[in-house]
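This report walks through selected contacts, charged pairs, sheet arrangement and a metal site. Please keep the sequence and the model at hand while reading.

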Amino acid sequence: MKHQACVIVIAALMSFGFGCGRVAPAPSVVYDLRGVVRAVDPASGLTISHEEIVGFMPKMTMPFKVKNRRLLEGVKAGDTVAGKLKVDRSGDAVQTLEIIDLVVEARGEVAPSTVEPPVQAASPALEPGDPVPDFVVTTQDGKPLNLAELRGKVVVLSFIYTRCPSPEFCPAMDLKFAALARQIGLVADRADQVRLLSVSFDPEYDTPEILRAHAGRRGARPPLWTFAVASHEQLSKIAGPLGLTYAPGTTEINHNLRAAVIGPDGRLAAVYVGDRWTPAEVMTKVNGLLMNAGK
Ligand SMILES: [Cu+2]
């Protein structure tokens, strides 16, 4: 009886391709995707306001990679499209999102501009050397923290939201901050003089509990690297000055990327736009500030 069961299990395993020392392929899942195209970028892909992707993501507007350029032929902003989205993961993190199949279901009669423009604060952009306006956040430990309390330390600031689905956006920022935290953490003295602060602009979802869990997955350990969340009112004090834009209060968070380095004197040292900056160049800036401060 025992023997028979064993044979059946082995036969089942082999029929699934796991026998004979073969390695299981990297987990990759294909989902149905449907939505309205907002923008076509032949170099990278499509921005789509998509419906709920059942089992994966609520409805939102976001960019998708399309490696197979032929799928983009004839696709225009406003078109309703249906397709297949391939999602590769490694552990908890989504590694890549790629549209592998796409058909136009209806030609666009919807104006592409129905997508809400990101909030643009009126305040003027800060220049290096300008004092950075104070604002208050709630940390992942549920405590209030004013930026001004970090005076005397070099602060590296970024803005993210934990449910960000685009690997090139918030997850990319978190990876860079993880690299910074690792490097800074190597020298205890330096770790005490630098603070990395990742501020969520999604207070509707990112509670301290959610931020704590997210920080754990990212390997962030306060006080060196802390996740926090701010109200839209508080964010309005800093977003405009740094050129950060986001559409608040929806799951369709269209946003750009900003990272800022603030000196121990509370003045802006540098703003990094987009995701092209490297942890190494930020380290150089941080080390320069620490040397100037005679630390
Ligand atoms: Cu994001």
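Which residues does Thr80 touch, not counting residues up to four places away in sequence? With contact meaning heavy atoms within 4.5 Å, the residues that Thr80 touches are Arg34, Gly35, Val36, Val103, Val104, Glu105 and Ala106, once residues up to four places away in sequence are not counted.

The model is predicted, so local features need pLDDT of at least 70 and side-chain atom pairs count only at pLDDT 80 or more, whereas totals for chains, interfaces and linings use all residues. Residues are numbered from 1 along each chain as its sequence is written, and side-chain values use heavy atoms, with hydrogens and water left out.

Thr80 belongs to strand β4, residues 80–90, where strands (E, at least two residues) and helices (H or I, at least four residues) are DSSP runs numbered from the N terminus. Thr80 counts as buried at 15% relative accessibility; buried means under 20% relative accessible area, exposed over 50%, and partly exposed in between, for a 1.4 Å probe and protein chains only.

Two of the residues that Thr80 touches, Arg34 and Glu105, also form a salt bridge with each other, their closest N and O atoms being 2.7 Å apart. Because Arg34 lies in strand β1 (residues 28–41) and Glu105 in strand β5 (residues 93–106), this pair ties together parts that are 71 residues apart in sequence. Arg34 is partly exposed, with a relative accessible area of 34%, and Glu105 is partly exposed as well, at 44%. Arg34 and Glu105 are also linked with Glu51 in a network of salt bridges.

A salt bridge is taken here as a side-chain nitrogen of Lys or Arg within 4 Å of a carboxyl oxygen of Asp or Glu, and by this rule the count comes to ten. The table lists three of them.

| Pair | N to O distance |
|---|---|
| Arg34 and Glu105 | 2.7 Å |
| Asp88 and Lys86 | 3.2 Å |
| Arg218 and Asp174 | 2.8 Å |

The side chains of Arg218 and Asp174 meet in one of these salt bridges. Since Arg218 lies in helix α4 (residues 208–218) and Asp174 in helix α2 (residues 170–185), the pair ties together parts that are 44 residues apart in sequence. Arg218 is partly exposed, with a relative accessible area of 23%, whereas Asp174 counts as buried at 2% relative accessibility. In the pair with Asp88, Lys86 is partly exposed, with a relative accessible area of 23%.

## The open sheet and its helices

Seven strands form an open sheet with mixed pairing, in the order β7-β6-β10-β9-β8-β11-β12, where two strands pair if DSSP finds at least two bridges between them. Strands β7 (144–146) and β12 (268–273) stand at the edges with a single partner strand each, so one side of each is left without a neighbour in the sheet. From one strand to the next, the twist averages 30 degrees; axes are lines fitted to C-alpha atoms, for helices over the stretch in contact, and angles run from 0 to 180 degrees between N-to-C directions.

Strand β11 (residues 258–262) and β12 run antiparallel and are joined by five bridges, with Arg258 standing opposite Val273 in β12. Helix α4 lies across β6 (136–139), β9 (194–200) and β10 (225–229), running at about 150 degrees to β10. Helix α5 (residues 232–242) lies across β6, β8 (154–160), β9, β11 and β12, and runs at about 100 degrees to β8.

Within strand β10 sits Ala228, which counts as buried at 0% relative accessibility. Not counting residues up to four places away in sequence, Ala228 touches several residues, among them Val137, Thr138, Leu197, Val199 and Leu211. Ala228 and Ala215 are 13 residues apart in sequence and 9.7 Å apart in space, C-alpha to C-alpha.

## The copper site

Which residues coordinate the copper ion? The copper ion is coordinated by Cys164 through SG, Cys170 through SG and His255 through NE2, at 2.0 to 2.3 Å. Donors are N, O and S atoms within 2.8 Å of the metal (3.2 Å for Na, K and Ca), and sites may look incomplete because water is not among the atoms. Along the chain, the donors of the copper ion follow the spacing C-x5-C-x84-H. Cys164 is buried, with a relative accessible area of 10%, and Cys170 is buried at 1%.
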